[in-house]
Amino acid sequence: MNPSLTHCFSKAAPKDPELDYQYYVGSYGLHRADYQLGDTVGTVGIVADYSTMTIDGYRANSFAERKQFNGKLGFDLNEQLHVNLVFNQFDMPLAQDARKPIFQLKPADGAIGAQMNAVLHSGQDFAVVVDY
């Protein structure tokens with residue numbers, strides 16, 4: 001298992017309630033929807049964002065689907081300390097690729113292939129599994 005770090009940015013909570021919706025349509029069947037809610041209640045700021053994305057892809061077997069929720073709760077613990085609690089959930093139930101097994105990837109193949117050690121070792125790992 002490889003640990004990963006997700007870095008997310010969120011805007012400050014608005015003083016008055018805000019509700020926002022954005023919808024994008026693009027090439028290769030791209031559909032992206034984004035819902036945002038923000039408010040400040042007393043001294044507590046709340047920002048929530050939920051987005052969905054689907055794309056057919058630019059080649060056979062490259063369909064992808066993604067759902068993401070990001071929430072932030074901010075408050076002052078005292079006059080000198082502000083606390084932000086951030087929750088991020090990323091769900092990608094389907095991400096196809098063009099039938100290229102991981103053990104055949106090369107560094108030039110992009111985001112996954114660029115992780116040279118994982119690519120090099122995946123071929124060796126696969127060979128060990130096949131030998132059993």
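This is a predicted model: local features need pLDDT of at least 70, side-chain atom pairs count only at pLDDT 80 or more; totals for chains, interfaces and linings use all residues.
Q: Which pattern does the protein chain follow when read along the sequence?
A: The protein chain has one helix and five strands. Read along the sequence, these elements follow the pattern β-β-β-β-β-α.

Q: What share of the residues in the protein chain is buried?
A: A residue is called buried when its relative accessible area is under 20%. Of the 132 residues in the protein chain, the buried ones make up 19%.

Q: How many bridges join strand 4 to strand 5?
A: Strand 4 covers residues 64-78 and strand 5 covers residues 81-95, and the two run antiparallel. They form a hairpin with two residues between them. The number of bridges that join strand 4 to strand 5 is 13.

Q: Which residue in strand 5 is the bridge partner of Glu65?
A: Strand 4 spans residues 64-78 and is joined by bridges to strand 5. For Glu65, the bridge partner in strand 5 is Leu94.

Q: Which strand gives the most residues to the nonpolar patch?
A: Tyr21, Tyr23, Val25, Tyr35 and Tyr50 form a nonpolar patch on the surface, and together they have about 540 Å² of accessible area. Tyr35 has its place in strand 2, residues 30-41. The element that gives the most, with three residues, is strand 1, residues 18-26.

Q: Why is the pair of Tyr35 and Tyr50 classed as it is?
A: A search of the whole structure finds three aromatic pairs. In one of them, the ring centres of Tyr35 and Tyr50 are 6.4 Å apart and the planes stand at 25 degrees, so the pair is stacked. This pair links distant parts of the chain, with Tyr35 in strand 2 and Tyr50 in strand 3 (residues 44-55), 15 residues apart. Planes under 30 degrees apart count as stacked, and the angle for this pair is 25 degrees.

Q: Which residues form one aromatic cluster?
A: Tyr35 is partly exposed at 40% relative accessibility. Tyr50 is likewise partly exposed, at 34%. The residues of the cluster are Tyr21, Tyr35 and Tyr50.

Q: How many residues apart in sequence are the parts that the pair of Phe69 and Phe87 ties together?
A: At 34% relative accessibility, Tyr50 counts as partly exposed. Phe69 and Phe87 form another aromatic pair, which is tilted: 6.1 Å centre to centre, with 45 degrees between the planes. Phe69 lies in strand 4 and Phe87 in strand 5, so the parts tied together are apart in sequence by 18 residues.

Q: What is the relative accessible area of Phe87?
A: Phe69 counts as partly exposed at 29% relative accessibility. Phe87 is partly exposed as well, and its relative accessible area is 47%.

Terms used. Residues are numbered from 1 along each chain as its sequence is written. Side-chain values use heavy atoms; hydrogens and water are left out. Patches are made of residues with over 30% relative accessible area and no salt bridge: like charges are joined within 9 Å, nonpolar side chains (Val, Leu, Ile, Met, Phe, Trp, Tyr) within 5 Å. Accessible areas come from the Shrake-Rupley method with a 1.4 Å probe; for residues, only the protein chains shown count as cover. A salt bridge is a side-chain nitrogen of Lys or Arg within 4 Å of a carboxyl oxygen of Asp or Glu. Helices (H or I, at least four residues) and strands (E, at least two) are DSSP runs, numbered from the N terminus. Two strands pair if DSSP finds at least two bridges between them. Buried means under 20% relative accessible area, exposed over 50%, partly exposed in between (1.4 Å probe, protein chains only). Rings of Phe, Tyr and Trp (its six-membered ring) pair if their centres lie within 6.5 Å; planes under 30 degrees apart count as stacked, over 60 as edge-to-face and the rest as tilted.
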